[in-house]
Amino acid sequence: MINRLVLASALLFCISGCGQREELTGQTEITKWPEGKNAAVSLTYDDGNINQFTRALPIMNRLQFPATFFIMTGQIPGSQYQGKFIGRPVKEIIAETANTPTNKDNFFERASAAGYLGYIGTMEYHTRAGALVDAGKEDQAHAVMDELYRKVREGAFEPGLESKSEVAEAEGVTWENLRAYAAQGHEFASHTITHPRLAALDESNMLYELEKSREDILKQLGPEHTFSAEGPYGTENERVMEYALKLFPATRNRMPAPYLEEINRGSKSQPGASDKEYVQWQRGALTSTPLPLMKSWVDTVAAHQNQWLVLVFHGVDGVGWEALPSTLLDEYFQYIKEKEDKLWVATFGDVTKYIRERMNAKVEVSEKADKIRVNLSHSLDKEMYDLPLTLKTYVPSEWSTVSVSQGTKQQLARPENDANGAFVLYQALPNAQPVELSGT
């Protein structure tokens, strides 16, 4: 549980039952969200299709909303790694299927090779089999592989190479474009190389899709864009997650923590039913999703204190899966903007970092010569977790203006009041110099 009030031994602060508000002076906590807002919202996009950048991104830039784009790297010109099968020659695998049915020992190899047999139409079998594995229907997934390889042996497919529709829809995206968008404040994150069903891949091919996608992003965009990832199709397969969470600090699929309730896109659970410190509520807008329903998601989180709405979009203006009109997105984002006094709109990575920093933070307070000194630290990797946190410190009621300084940075804050007295909200960088507050 978060250590909200860690007070220096040099001071005795009244926590409850005080006769005078002044005894709260110096009491400090980290607000649940930056600037004391009610909730967080992350706008996320899957697949990186061209219209996300040409149609949706300008809307978000106009409203000053950062977004997270989960991109496939294999089709981007200049990427070092493209889709391939790692393993035995596929002719050996095809020949073997004539005598050995698919089972738990050979399924992953066969499913990994399915899209790379040299025929058009075989990738669909990989996708179908992976969906069945994700659904816990392994026997049916084995049957799909038997059907595929039987048809291959019978010559039912035309020779040739094929790519998934998601790859074709991303045509036109370049690393140069993405570097420019990243400079505008947007986060880019791995969505693998080729958008496979990770649950149907063997270890070598799964690691190739995850590791090499990360490697190209690191080379082209820098380490700050290797924090987040999303396994295609929203997989929550435990085997996949075990690999992915070793490579990426945060995945939108799953990132278990005792203080975080995760409600995925398919769940009918309501976020208000959870009593955990934080609730990540994912909602995916489809072509048929009514705009009033989409707005109600925003209203729900704005009315609570512990909720993080993660919105998932795919297609835009006819390009991509379940495409939404950019005019609808414009109206929707405007609606979110109107509630910005209650909502912190931030990338998936930044919200994750804020939550984790707060949950692992320590605040120490002391008082000297009419100044309040606050030391803020956390136990996480200091290079990776460097997001400022918002602190709320109670100050003497006679302070009309408060100077807040940390190192060379200084900010002025005007006290506000709640039932406990006067306080100021301010930003502080963890694991840096102490913050000093003084009043006039």
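Contact here means heavy atoms within 4.5 Å, and axes are lines fitted to C-alpha atoms, for helices over the stretch in contact, with angles from 0 to 180 degrees between N-to-C directions. Helices (H or I, at least four residues) and strands (E, at least two) are DSSP runs numbered from the N terminus. The model is predicted: local features need pLDDT of at least 70 and side-chain atom pairs count only at pLDDT 80 or more, while totals for chains, interfaces and linings use all residues. Residues are numbered from 1 along each chain as its sequence is written, and side-chain values use heavy atoms, with hydrogens and water left out.

Six bridges join strand S13 (residues 389–394) to strand S17 (residues 421–428) in the antiparallel sense. Thr390, for instance, has Gln427 in S17 as its bridge partner.

The aromatic residues provide a further view. The structure holds 18 aromatic pairs, where rings of Phe, Tyr and Trp (its six-membered ring) pair if their centres lie within 6.5 Å. The ring centres of Trp33 and Trp344 are 6.4 Å apart and the planes stand at 45 degrees, so this pair is tilted; planes under 30 degrees apart count as stacked, over 60 as edge-to-face and the rest as tilted. Trp33 lies in the loop between S1 and strand S2 (39–47) and Trp344 in strand S10 (residues 343–345), so that the pair links distant parts of the chain, 311 residues apart.

Helix packing comes next. Two packed helices are described by the angle between their axes and the distance between the axes. Helix H4 (residues 123–134) and helix H5 (residues 138–153) pack at about 170 degrees, with axes 7 Å apart. H4 and H5 are therefore roughly antiparallel; angles under 35 degrees count as roughly parallel, over 145 as roughly antiparallel, 65 to 115 as roughly perpendicular and the rest as oblique. Their crossing is left-handed, a term for a near helix turned anticlockwise from the far one by less than a right angle, right-handed being clockwise. The contact includes Leu132 of H4 and Leu148 of H5. Its residues divide into eight nonpolar, two polar and four charged; Ala, Val, Leu, Ile, Met, Phe, Trp, Tyr, Cys and Pro count as nonpolar, Asp, Glu, Lys and Arg as charged, and the others, Gly among them, as polar.

The axes of helix H1 (residues 50–63) and helix H11 (residues 326–338) come within 10 Å and cross at roughly 20 degrees, which means that H1 is roughly parallel to H11. This crossing is right-handed. Among the residues that meet are Ile59 in H1 and Phe333 in H11. The contact of H1 with H11 has six nonpolar, two polar and four charged residues.

Helix H8 (residues 203–221) and helix H9 (residues 238–247) have axes that come within 11 Å and cross at roughly 30 degrees, which makes H8 roughly parallel to H9. The crossing of H8 and H9 is right-handed.

Key
Pairing = 2+ DSSP bridges.
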